[in-house]
Amino acid sequence: MKKITCIIFVLNAVFALNAQIKLTGNITDEIGALSDVNISIKKTIKGVVSDKSGHYEIEAKKGDTLMFSYLGYITKEIVVNNDKVINLKLEGNIALDEVMVVGYGTVSCRSISCTGCMTNCKRDMRYQTFKKFKSDIIKEKLYPNPSKSGQFKLNILKPYTNVQIQVSTISGQHIKSFNYKNINNKINIDLSQYPSGLYIINIIADRKPLESKKAIIG
């Protein structure tokens with residue numbers, strides 16, 4: 001009887017350890033809600049992206065490590081414990097505070113029309129950065145986007161001899177490159193091995209940089 005009780009206790013402990021917990025929370029910075037933040041479980045391909053209000057939901061196990069990453073902000077890691085609500089305020093990366101990344105160039109914060117303190121400048125930077133991606137509707141198009149499978153197609157407007165695709169995470173980490181020859185129209189981009197989240201697709205066609213694209217898996 002004692003042996004059976006011990007086995008049941010061990011099984012319950014294992015079940016509790018592997019049980020999925022539904023976690024929710026809101027991501028902000030010094031300005032307010034932060035959308036499109038990558039929330040992923042470390043060493044897995046599982047992840048989600050925060051919505052327009054900065055809210056997210058994800059299932060994880062106790063002991064898992066959640067990674068919160070966003071371009072221009074310091075990546076945070078939090079170990080899952082008994083808390084089911086994890087709210088987080090991300091801090092800007094000092095190296096990017098005074099520079100806005102635009103395609104393949106940079107613009108000094110001093111050149112942006114800002115009235116007031118650095119906070120207003122950061123607000124303008126965030127607006128300008130995401131405004132850049134509105135070109136998707138008038139130039140090269142990435143679809144389906146979002147993609148549940150991680151498989152994308154890029155529609156090129158004219159033929160090119162050589163097209164190079166560079167994929168980065170929202171935090172700026174380069175993860176993969178593709179090279180294509182004699183492209184007339186469509187390019188297949190396979191990101192199925194990567195976790196759900198937001199990625200930046202940089203395109204160089206015949207040595208000329210085209211507009212960057214924002215790809216969402218999930």
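Two strands pair if DSSP finds at least two bridges between them, and strands themselves are DSSP runs (E, at least two residues), numbered from the N terminus. With that in hand, welcome to a predicted model, in which local features need pLDDT of at least 70, side-chain atom pairs count only at pLDDT 80 or more, and totals for chains, interfaces and linings use all residues. Residues are numbered from 1 along each chain as its sequence is written, and side-chain values use heavy atoms, leaving out hydrogens and water.

Three strands form an open sheet in the order 4-1-7, with mixed pairing. Its edges are strand 4 (55-61) and strand 7 (88-89), each pairing on one side only. Strand 1 (residues 20-28) runs antiparallel to strand 4, joined over 7 bridges. Within this pair, Q20 sits opposite K61.

Now for two residues, T65 and D206. Here, buried means under 20% relative accessible area, exposed over 50%, and partly exposed in between (1.4 Å probe, protein chains only). Contact means heavy atoms within 4.5 Å, and the contacts below leave out residues up to four places away in sequence.

| Residue | Relative accessible area | Contacts |
|---|---|---|
| D206 | 36% (partly exposed) | Y160, T161 and N162 |

T65 belongs to strand 5 (residues 65-69). D206 is placed in the loop between strand 15 (197-205) and strand 16 (208-209). From there, the D206 side chain reaches the backbone nitrogen of T161 at 3.1 Å. K181 is 25 residues from D206 in sequence, with 9.9 Å between their C-alpha atoms.

Terms used:
Helices (H or I, at least four residues) and strands (E, at least two) are DSSP runs, numbered from the N terminus. A polar contact is a pair of N or O atoms within 3.5 Å; within protein, one must be able to donate a hydrogen and the other to accept it, and residues adjacent in sequence count only if both atoms are side-chain atoms.
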